[in-house]
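Biologist: Hi, could you walk me through this one? I'd like the overall picture and then some of the strands.

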Amino acid sequence: MEYTSYWRLKNTWVTFLIIFSSVVGFFALLFFTSKIIIANNTIDHYEEVMDEVAFDIEADSTQLLEDLQLLGKSIQNEKDLYMQSSEQVNRHLEGISNFSPLIDGGTIVDKNGNVVGYFPTDIAPVKNLSNRIYVQEAIKTKSIYISDVIQARTKRSILVISVPLIDGDEVERVVNLSIHLGDNKLYNILGSSFAAKGLNDTFIVDEQGTIIFVSDVDRLGQTNYFPEIAELVLNRESGHTTIKLDDGTSIHAFYRYISTMEWGIVTFVPTSPPPEVLRAYYPIGLTMFFGSALLVLLIIMLFLSRTRKQMKKLYDAIEYVSAGDYTQQISGIEDRSQVGFVASKFNDMIGHLKVAKEDIQAKTNYSEQQRKFLDRIVNYNPNPIYVMNWDGEFLLVNHEYAALFNKTPEEIIGKKEIDFNPNKKGAERTLDINREVLISNTELRDEEYLFDYKGNMRWFQYGKVPIMALTEDRTHVLYVGTEITELKNQEEQILFQAYHDDLTGMPNRKMFRKELDDLLVYIGDTEYLSALLYFDLDRFKYINDTFGHDAGDSILKSISERLQQTLEDKGAIFRLGGDEFTVLLPHIESRQIAADTSKQILASLSEPYEYNGHRVIITASIGISLFKGGESSYDTIVKQADIAMYQSKVQGKNTFRFYSAEMETVLATKRRLEVDLQQASKRNELSIHYQPIIDNQNGSLVGMEALLRWEHSKLGYISPGTFIPIAEEVGLIEELGEWVLRNACQKARDWQLQGFNPVRLSINLSPLQLKNDTIVDHVRNVLKDTGLDPSWLELEITESSIIENKEEVIQILKRLRALGVSVAIDDFGIGYSSLNSLESLPVDTLKIDKSFMDKLEEKSNDVILSAIFDIAEKLKLTVVAEGIETEEQHTYLKGKYCHKLQGFLFSQPLDDKWSDNLLEKLKRADG
């Protein structure tokens, strides 16, 4: 047989041509599909351009209105303008036009509308303008009035700003400033803005549909230029549409509504994509086309080369067979290919010759192999095996099954299980199951247990199958078992671990879910009242941070024991994880049962705990959800209890609260505040107020404390006691703290530059800020950027922020003092610091908490205050008393070691304006 090269075969080139044509067709389809995509992207492109233009115009128009308002106010500030002569008035109007490029001219009329001045002077104005709306509105409202677009006698579109000049309570004159929309700076700005974006055919209409801007100035003032588009945009709609022109072509119309000026912007662009969109797609498409075509060509070449080698193998194998070699086999060819199929058939042919010979030998040895195989299965199998007939007699038993009863196979064969198994009922059950298998003539797989001769329970997974006897027409049962005793024990252990807490051994969250679901199914639609107590531990994180997690684990175990001793069989206790626990009280008579149980839990948990010589106090906050059958689901019950627990914490902790629907509102308000607080700075809702600090001896102003305030745009004033904890929870407190620090320091520096007497600025630091050692670098950078001398800055911290992380905080405070700033402990006396520990703290000032001032009549308070004054004097610390609201408090402190005072008796916190006024007043008094 002659071998012919694969490249000379006609089918090779036909295949190649088909593949190449498919590739070309595919990329042609890709090309036309891309055109459709490009068309869609063209619309997206112009939508984005229109959004940018609309945004720019709205920003420019907003700035324009603000500039016009400022211009009007500056004119009003010239109090004698209403007394000037016509010549002076004309010069003044000329000055305004030269000063503001937006103003093209104007008139000044008296309160009767008579024109007393105008500019340019070469125009001949109407002598009386009392019938003009803009004049009437300015006189009526006594405020600056900006008119709608007006069509003047010269057929120009103008905008008029009317500024009333008021003497006493009467309007004496009105200054009317005009902006010519067709040739004004505003017009040029709009034109250049549209041209820069490629929007050459664009016009703007006012709220009456009048064109106030268009590239063709002859259209200014028209109202019938594409009215259907103008109507859409004046309905405050934004979007695009396609318009068919009279010549049969189509164009895209894009429109946007500018709410600030109540204008509409309309632009027309061709439906064909702009060059920049096409240029972005053509290189990518061509690169993909030629790259993919080259790759396909290489794959085809590789495929043809591989096929040629396979054909060569097949040709060589046939030559060997032709020469009489029947052992030749073809390998290395894919069976699914055409060549591989032929090669497979060739190998099958050779294989049949060998199989025929081997089959004869196999049949000879089959019977002997079967006998030995069955013998090994039965006698050497580690699993128990037996064969039992209908009567329950054993026909075959292996050693493993016999060993369960301490017998040999010979001692069991021919007997019934009831003859040697002490568990008679178990033997009878086995016989019944075997007979069911024989009757149904089907296989059975299951698990069972039996007791061995030592009395141990042994678990087996077994299979029972009916088999036909060899010597008689009867069916018997073949049993094969696998011992799973250890697996069963492991399953029980795993099941226990899955539903119990590793640390305390209490039922866990998964068990809680199961028990509550089971309870809800059990009570169904009944009126049985049940309760869920959901609580966690107060200050548990403090215990872990202070004494370590081993201490926390030890206390959790003690808490578990106390709960079990307290509740006994009153309810089921679960530890959900961490310091969270639940108690399920099913079928209670009244809500008082839940209340009494909560009181018992709180009393039990509040007893001191001992750990390595330390006495630790732990309390809990409990939320209670009451439910009946058919009223609630698992998620609802848990959610309500969780909400109630949150309210317990809000109410001061170490207490319990029943869930009520009103709590949902409180929680929803908190969640809303969490979201709004993140936008408060962007909305300019945050501000800083400054509360004066007074010298106790001479009453002079010696300091200001910067206090953050939030004026919500809809909810009004939000107390810092409300939003500061939220900021700490959601991670905004550091950002807010840095904002206050920078702005307050800048304000203090501005006061100094204005010549005011320098005062020390006090700023509060959150405990979270002190956990980040970058606070030192941030304070240093703010002082550098604002130019404020460090000696004029005092940073206030709370006692709790020191206790929670004492060593690290002390190091940070030392670094802050090294910058030159002073450090004060705010709200001193209500935390956990002892007076004796003050000596080790790097602080300069103690600010006594307001609560001591509120209870001066109590003797115990006087004792505590005296102790604070004494230790502060010994340590040479500055003392500031907060919350001074009465003269009695002021008098009490005059004779004490107290240097500074702060409170509503002297001043409430002042905003920027009032604080500036106060310092200005003090400056004049000193001068």
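Modeller: Happy to! The protein exposes about 51000 Å², and carbon and sulfur atoms supply 52% of that area. Accessible areas come from the Shrake-Rupley method with a 1.4 Å probe, and for residues only the protein chains shown count as cover. This is a predicted model, where local features need pLDDT of at least 70 and side-chain atom pairs count only at pLDDT 80 or more, while totals for chains, interfaces and linings use all residues. Residues are numbered from 1 along each chain as its sequence is written, and side-chain values use heavy atoms, with hydrogens and water left out.

Biologist: Thanks. What share of the residues counts as buried?

Modeller: Of the 927 residues, 40% count as buried. Buried means under 20% relative accessible area, exposed over 50%, and partly exposed in between (1.4 Å probe, protein chains only).

Biologist: And how many helices and strands are there?

Modeller: The protein has 27 helices and 32 strands. They are DSSP runs numbered from the N terminus: helices are H or I with at least four residues, strands E with at least two.

Biologist: Let's turn to β24. Is that strand enclosed or open?

Modeller: Strand β24 (residues 686-695) is largely enclosed by the rest of the structure, because eight of its 10 residues are buried.

Biologist: Which strands does β24 pair with?

Modeller: One is β25 (residues 701-712), antiparallel over nine bridges, with I694 opposite L701. Another is β32 (residues 900-901), also antiparallel, over two bridges; there D695 has K900 as its bridge partner. Two strands pair if DSSP finds at least two bridges between them.

Biologist: Is β25 enclosed or open, then?

Modeller: Largely enclosed by the rest of the structure, since 10 of the 12 residues of β25 are buried. β25 also pairs in the parallel sense with β27 (residues 760-764) over four bridges, where E705 stands opposite S762. Three bridges join β25 to β26 (residues 716-718) in an antiparallel run; H712 faces G716 there, and this hairpin has three residues between its strands.

Biologist: Switching topic: what order do the strands take in the open sheet of five?

Modeller: The order is β18-β19-β17-β22-β23, with mixed pairing. The edge strands, β18 (572-577) and β23 (656-658), each pair on one side only. Neighbouring strands are turned by 20 degrees against each other on average, direction ignored. Axes here are lines fitted to C-alpha atoms, for helices over the stretch in contact, and angles run from 0 to 180 degrees between N-to-C directions.

Biologist: How do β18 and β19 pair?

Modeller: Antiparallel, over five bridges, with β19 covering residues 580-588. R575 has F581 in β19 as its bridge partner.

Biologist: Which helix lies across β17, β22 and β23?

Modeller: That's α16 (residues 634-650), running at about 145 degrees to β22. Contact means heavy atoms within 4.5 Å.

Biologist: Last one: which residues make the nonpolar surface patch?

Modeller: Y449, F451 and M457 make a patch of about 250 Å². Patch residues have over 30% relative accessible area and no salt bridge; like charges are joined within 9 Å, nonpolar side chains (Val, Leu, Ile, Met, Phe, Trp, Tyr) within 5 Å. A salt bridge is a side-chain nitrogen of Lys or Arg within 4 Å of a carboxyl oxygen of Asp or Glu. M457 lies in β15 (residues 457-468) and counts as partly exposed because its relative accessibility is 39%.
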